[in-house]
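These are my notes from looking through a single model, kept in the order in which I looked things up.

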Amino acid sequence: MITYLKHGKPEAERAEDDARVREVVETTLADIEARGDVAVRELSTKFDNYTPAAFRLTASEIEAAMQKVSARDMDDIRFAQVQIRRFAEVQRASMTDVEVETLPGVVLGHRNIPVQSVGCYVPGGKFPMVASAHMSVLTASVAGVPRIVASAPPVNGEPHPAIVAAMHMGGAHEILVLGGMQAVGAMAIGTESIEPVHMLVGPGNAFVAEAKRQLYGRVGIDLFAGPTETMVIADETVDAEMCATDLLGQAEHGYNSPAVLVTNSRKLAEATLAEIERLLLILPTAATASVSWRDYGEVIVCDTYDEMLAVANDIASEHVQVMTDRDDWFLEHMHSYGALFLGARTNVANGDKVIGTNHTLPTKKAGRYTGGLWVGKFLKTHSYQRITTDAAAAMIGEYGSRLCMLEGFVGHAEQCNVRVRRYGGRNVPYGAAAE
């Protein structure tokens, strides 16, 4: 039996919120397309109180911003980027070009080719996301993307020094001080001063996520990254403090960040509820975390591990922290999630900032059909074909001719027939299937 000790906001209310965001974004993107830089500048002034001479930083401005970062912070950024680069390079090495001769004289293959330009959005606002610069910019760099544009909003009226440093050290070719939906809109649509990109990546608020959704098709995107989600799957091998800390650690992201506890211990569930209330009295970010927990927090008690697994796969949370006596069992059987964090020693914050895996992950059940951002997202796998002998050209052409005619495509069939005639010496009547 599955019992909810705490429910989040009903889905209907969440849908109303989404509809309001969708309307605002649609109007904004149309304005950017119509008025270009003028619209972007007005939006920057309105939302960020920032109206620079140019949104793109010069080399000297980048250097000046980086000079403001402490030596300790620079060392920490370097450490994080080394871990992320190492894992991304291993992932890239796993993606190889292939070529195979499937029949004598018939050669098939594919090549992995980088996307030619990428816009990497790095959130700012209440919590400037320095780590997001590593995750998008550096990973695109390892993939070999030749033009990487990175954009983040100003903080306190100026470029955020640590974000600029992370972008530059990660390999950004252009750095913009521009935030929100106006940033992703400008990078995708293009303006007089910003050349459009082929792909958008990176997390953001609801407006950024919706802008990416509406722009998808015009440009590629990494995934639909909505508000941060976290799930803790736990049994009595861990305590309430650990569970409550891991839940609130992600609930502080924003006012609409779902946090879910799934357990087979009612005792642990009730203790975690009490511990959350205690921690919210002392957590400095409680003003945000408490709203997320109130509106989006859930506590689900199951009778069995199989029920816990079924609930977890159905919710398909972005982050899934597994702390049980059978973590490897969950690793083997979980199929819908963003990323797994296995064991009490592991935590989502490490994954977010430094451990080396990417923190841009699928939300809103998208883990059912996609994984998170990784080096492979920046690579397009393109096939090619080559026929190297006359005999192969004639043989494949005969099959192709008949199959095209089966579907009624006479012009297609003639592409095959002309090869049968020239390379096979066969007199195939025009518009007929090769015999």
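This is a predicted model: local features need pLDDT of at least 70, side-chain atom pairs count only at pLDDT 80 or more; totals for chains, interfaces and linings use all residues.

I began with Ile396, which I found in helix 15, residues 390-407; helices here are DSSP runs of H or I with at least four residues, strands are runs of E with at least two, and both are numbered from the N terminus. Residues are numbered from 1 along each chain as its sequence is written, and side-chain values use heavy atoms, with hydrogens and water left out.

I noted Ile396 as partly exposed because its relative accessibility is 32%, where buried means under 20% relative accessible area, exposed means over 50% and partly exposed lies in between (1.4 Å probe, protein chains only). Together with Leu103 and Ile387, Ile396 forms a nonpolar patch on the surface, with about 220 Å² of accessible area for the three together.

**Thr370**

I then turned to Thr370, located in the loop between helix 14 and strand 14, and I list Thr370 as buried because its relative accessible area is 17%. Leaving out residues up to four places away in sequence, Thr370 touches Tyr337, Pro362 and Lys377, contact meaning heavy atoms within 4.5 Å. For Tyr337, which is 33 residues from Thr370 along the chain, I noted a C-alpha separation of 8.7 Å. With Lys377, the side chain of Thr370 makes a polar contact, side chain to side chain, at 3.0 Å; such a contact is a pair of N or O atoms within 3.5 Å, where within protein one must be able to donate a hydrogen and the other to accept it, and residues adjacent in sequence count only if both atoms are side-chain atoms.

**Positive phi**

Lys364 lies in the loop between helix 14 (348-353) and strand 14 (379-387), and I noted its phi near 50°, a positive value in a residue other than glycine.

Ala316 counts as buried because its relative accessibility is 0%.

**Helix 11**

My last entry is helix 11 (residues 286-296), which is mostly covered, with eight of its eleven residues buried. Among them are Trp293, Asp295 and Tyr296.

Conventions:
Patches are made of residues with over 30% relative accessible area and no salt bridge: like charges are joined within 9 Å, nonpolar side chains (Val, Leu, Ile, Met, Phe, Trp, Tyr) within 5 Å. Accessible areas come from the Shrake-Rupley method with a 1.4 Å probe; for residues, only the protein chains shown count as cover. A salt bridge is a side-chain nitrogen of Lys or Arg within 4 Å of a carboxyl oxygen of Asp or Glu.
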